[in-house]
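Me: I'm new to reading protein structures, and I'd like to know where the labels come from. Can we go through this one together?

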Amino acid sequence: MSVPRPRISTGSGLPPGNPRLPEHINNRNEHPLKDFLLLAGALLALMFVLTLLLGWGAQWLGPKIPYSWESRWFAATPDAIATALPPQTDNGSALTDSAKDRQQALQQLLERLLSQQSAPLKVRLHWLADEDTPNAFATLGGHIFVTRGLLTQVSSENALAMVLAHEYAHVEQRHPITLALEQLAISLLGSVIGGEGAASLIGQHTSLLTLLSFSRDMERSADQRALEILQRHYGHSLGADEFFRNMLAERDENRWALMFQTHPLTSERLQQISQAGSAAASVTTSQLTPLPTLLQLNDGAGSKEPDQITQP
Amino acid sequence: MGQLLVFLTLLALGYGFGRLAESRHYRSIIAREDALRSLLVMPDRMPPIHFQNHGSTLVTGSVVISVDYFKTVAAGLRGLFGGRVGAYESLLDRARREAILRMQEDARKLGAEAVFNLKFETSRIAQNAGQGLGSVEVLAYGTALIPVHGR
């Protein structure tokens, strides 16, 4: 130690002044950015690796969870969705007769589609009578939701079957439960690293996106599987592209921007579908199956006057 | 995205102003310590016999410091990885030295020759930053020994 010891003055036995202590003992006096950048970099790398690992873990575990467990755990999903949607205009949560019939017709259509499959999963269809956005989505517990807006967009059973089969393929490939596991893992990670604030932030963002955020790979593989189902049932996959073609023609940017971002680019999907269809190129439109009358909400020309489609 | 921008802005502001204040403060501390070097500050409880005829009184120096955003984040990172929290060390080092200087200035005003029985106290000023360290008070106090005139 090279600390200069104060000279002892002879008279009082006291030092002549306070010692000048060396700096850097109590304060290392390093550049704060160096430390900060090192740690922040390490943290980001750690989070990246953990997120990847947890994502893989979810993809591995998701399909291994028995489907019956998933159905049991998420039996209440439809109620949660119903309350999340804007309040029903007149009938509350009780379905009107026509809505019940439509729901049943959709269910029957899906069951017909799947009748040739070896061991179809039990999936429940739900009809959203007050939702004008053309949409269909599959969510946890094997629940598929179809909006009235969707039926106003399709003109043949084949097109509707494509959408239903696509959503069924998500359930069959266990995409919703995989996503839920991923989000659970990521919010856990967030709460470990960032404390409660970060966890609730992530929770808010993810719970809303659960319905939409299937990855492009998931969408692509669901498309592929849906085409197989259609091929098996109708013997061709004509008409499958109709819904997406309609969406492309009258794309409502605001509502569909998000959907298009997570779904493989619509034109790319159309290409995939028409490639699959080209094997049976000789089939003409006359081979398209018309919609069951109960599900005909599209008056052919594609015009969407509300009074024309709200008939029961 | 917006939240990230706010975060980065706060971080940059905290770093810029915090760094500026710290280097200024250290310059001032070192200069004042040199100026007050002759006013002895000792930790001993009993002053030597030399001071037996001096009067005595309590002198105090108190400092309240607040953490800037950059330091909070840097310390939060240290909280994950462990190790010396350099961001807080420099802050508290400044606070302790400033507290002694204020106490010395108090003593000099009273005409003291030395301050004995130096003690520190540190307390957190409650809850003003949620879970994090908000403001901290550092108090230095001791017994000032003042020569009695006219004897």
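Me: To start with, how many helices and strands does chain A have?
Reply: This is a predicted model, and in it the secondary structure of chain A comes to 12 helices and 3 strands.

Me: What makes the 3 strands of chain A an open sheet, and what is their order?
Reply: The order is 1-3-2, with mixed pairing. Look at the edges: strand 1 (124-128) and strand 2 (136-139) of chain A each pair on one side only. From one strand to the next, the twist averages 20°.

Me: How do you know that strand 1 of chain A pairs with strand 3 of chain A?
Reply: Pairing takes at least two bridges. Here 5 bridges join strand 1 of chain A to strand 3 (residues 143-147) of chain A, so they count as a pair, and they run parallel.

Me: Why are helix 4 and helix 6 of chain A called roughly perpendicular?
Reply: Check the angle: their axes cross at roughly 75° and come within 10 Å. The label covers 65 to 115 degrees, so helix 4 and helix 6 of chain A are roughly perpendicular to each other.

Me: What makes the contact between helix 4 and helix 6 of chain A, and what classes do its residues fall into?
Reply: Helix 4 of chain A brings A:L109, A:L110, A:L113 and A:L114, while helix 6 of chain A brings A:L160, A:A161, A:L164, A:A165 and A:Y168. By class that's 9 nonpolar, no polar and no charged.

Me: What label does B:N117 get, and why?
Reply: B:N117 has 17 C-beta neighbours inside 10 Å.

Me: How do you know whether B:A112 is buried or exposed?
Reply: With 24 other C-beta atoms within 10 Å, B:A112 passes the cut-off of 20 and is therefore buried. B:A112 lies in the loop between helix 3 and strand 3 of chain B. Leaving aside neighbours within four places in sequence, B:A112 is in contact with B:A107, B:A144, B:L145 and B:I146. Take B:L145: B:A112 is 33 residues from B:L145 in sequence, yet they are 5.3 Å apart in space, C-alpha to C-alpha.

Me: What makes helix 1 of chain B "hardly covered"?
Reply: Among the 34 residues of helix 1 of chain B, the count of buried ones is 1. Helix 1 of chain B reaches 49 Å from its first C-alpha to its last, close to the 50 Å expected.

Me: Why are helix 1 and helix 2 of chain B described as they are, by angle?
Reply: The axes of helix 1 (residues 2-35) and helix 2 of chain B cross at roughly 110° and come within 6 Å. That angle falls within 65 to 115 degrees, so helix 1 of chain B is roughly perpendicular to helix 2 of chain B. The residues in contact include B:L10 and B:G14 of helix 1 of chain B and B:F70 and B:V73 of helix 2 of chain B. They divide, over the whole contact, into 6 nonpolar, 2 polar and 1 charged.

Me: How many residues of chain B are in contact with chain A?
Reply: 17 residues of chain B are in contact with 19 residues of chain A. Strand 1 (40-41), helix 2 (69-81) and helix 3 (86-109) of chain B each supply at least two residues of that side of chain B.

Terms used
Residues are numbered from 1 along each chain as its sequence is written. Chains are lettered from A and ligands numbered from 1 in the order in which they are written. This is a predicted model: local features need pLDDT of at least 70, side-chain atom pairs count only at pLDDT 80 or more; totals for chains, interfaces and linings use all residues. Two residues are in contact if their C-beta atoms, placed from the backbone, lie within 7 Å. Helices (H or I, at least four residues) and strands (E, at least two) are DSSP runs, numbered from the N terminus. Axes are lines fitted to C-alpha atoms, for helices over the stretch in contact, and angles run from 0 to 180 degrees between N-to-C directions. Angles under 35 degrees count as roughly parallel, over 145 as roughly antiparallel, 65 to 115 as roughly perpendicular and the rest as oblique. Ala, Val, Leu, Ile, Met, Phe, Trp, Tyr, Cys and Pro count as nonpolar, Asp, Glu, Lys and Arg as charged, and the others, Gly among them, as polar. The expected span of a helix is 1.5 Å times one less than its number of residues. A residue is buried if 20 or more other C-beta atoms lie within 10 Å of its own, exposed if 12 or fewer, and partly exposed in between; C-beta atoms are placed from the backbone.
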